[in-house]
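Let's take a walk through a protein model together, stopping at a few spots along the way. Have a look at the picture first, then read on.

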Amino acid sequence: MANSDDQPERLIGPATMATLVLLGGVLLGALWLRSGLIGADRWPINWLDVEGELQRTSASQIRAAAAGPASRGFFSADLERVRESVQALPWVAVAEVSRHWPDALRIHIREHQPVARWNESSLFSDRGEVFTVTGSQNMQGLARLSGPENRRQDVLQEWLWMRRELGRIGMDIRQMHLDERGAWTVRLGTGLELLLGREQVRERLSRFISVHDDLAEPERRPERVDLRYTNGLAVRWAEHAETLEDEQHG
């Protein structure tokens with residue numbers, strides 16, 4: 001039997017050898033990349049496939065936005081840069097980019113869906129995001145919401161709640177404004193203005209909903225309803241002003 005003391009001592013263990021092989025592979029890969037072997041001249045991207053339901057952005061606009069960062073080739077193109085370039089288009093909410101062998105990028109688009117205006121120059125999307133598109137001022141059929149920028153989510157949430165409540169009696173909101181003092185004003189689709197004040201806003205709207213049938217008169221129409229009273233409301237009619245105290249809803 002051979003004496004173990006006579007065996008030569010191993011200088012490199014299996015784990016160390018595996019690590020060195022891995023590092024060597026990485027180094028060779030980096031040199032390969034640096035030498036241009038995977039650049040656009042050898043592996044160009046020939047196809048930019050656009051997917052998604054497009055209503056306000058054309059596929060050609062998306063390809064044009066992606067063309068610059070995609071020009072580095074199939075392996076070298078930075079997908080994050082492609083995504084950022086496409087997502088910078090005004091109507092694009094989300095862009096997802098992936099490679100597809102051997103020469104294509106697939107770009108899946110989700111557009112913003114506007115649900116309301118915000119402070120005239122911007123729009124609210126169905127995801128609650130604010131975005132700006134040149135020329136959107138001419139879009140029709142969107143409620144106009146306005147208020148301080150730091151309260152825009154409050155305005156959106158109140159609009160969504162009020163629109164649902166008013167929808168139950170066949171009414172919709174044309175405009176909603178929150179002023180700097182925190183007071184709410186709502187104009188309905190009929191042109192009727194509601195003054196809701198700063199406190200108990202939802203309770204005051206519910207009070208209006210409970211009496212709105214009583215305000216319907218054949219000879220005249222309400223122009224403004226002031227709900228800032230503790231136990232009542234004031235009505236200004238289109239022809240002349242008149243104040244009513246609503247005792248039964250006090």
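Predicted model: local features only at pLDDT ≥ 70, side-chain atom pairs only at ≥ 80, totals over all residues.

Now find Asn119, in the loop that runs between strand S4 (114-118) and strand S5 (122-125). Its relative accessibility is 25%, so Asn119 counts as partly exposed. Asn119 also has a positive phi, about 50 degrees, even though it isn't a glycine.

Gln200 is another non-glycine with a positive phi of about 50 degrees. You'll find Gln200 in the loop between strand S10 (193-197) and helix H5 (201-211). Is Gln200 buried or exposed? Gln200 has 52% relative accessibility, so it counts as exposed.

Next, hop over to the loop between strand S2 (92-100) and strand S3 (104-111), where Pro102 sits. The peptide bond joining Trp101 and Pro102 is cis, with omega at about 5 degrees.

Our next stop is Ala238, in the loop between strand S12 (234-237) and strand S13 (241-242). Ala238 counts as partly exposed because its relative accessibility is 27%. Setting aside neighbours within four places in sequence, Ala238 touches Arg221 and Glu223. Glu223 is 15 residues away along the chain, yet its C-alpha atom is 4.9 Å from that of Ala238.

How far can you trust all this? The chain's mean pLDDT is 88, and 86% of its residues reach 70 or more. Over residues 245-250, though, the pLDDT is below 50, and this stretch has 13 contacts in the model beyond near neighbours in sequence.

Notes. Residues numbered from 1 in each chain as written. Heavy atoms only, no water. Helix = DSSP H or I, 4+ residues; strand = E, 2+ residues; numbered from the N terminus. Buried < 20%, exposed > 50% of the residue type's maximum accessible area, 1.4 Å probe, protein only. Contact = heavy atoms within 4.5 Å. pLDDT = per-residue confidence, 0-100.
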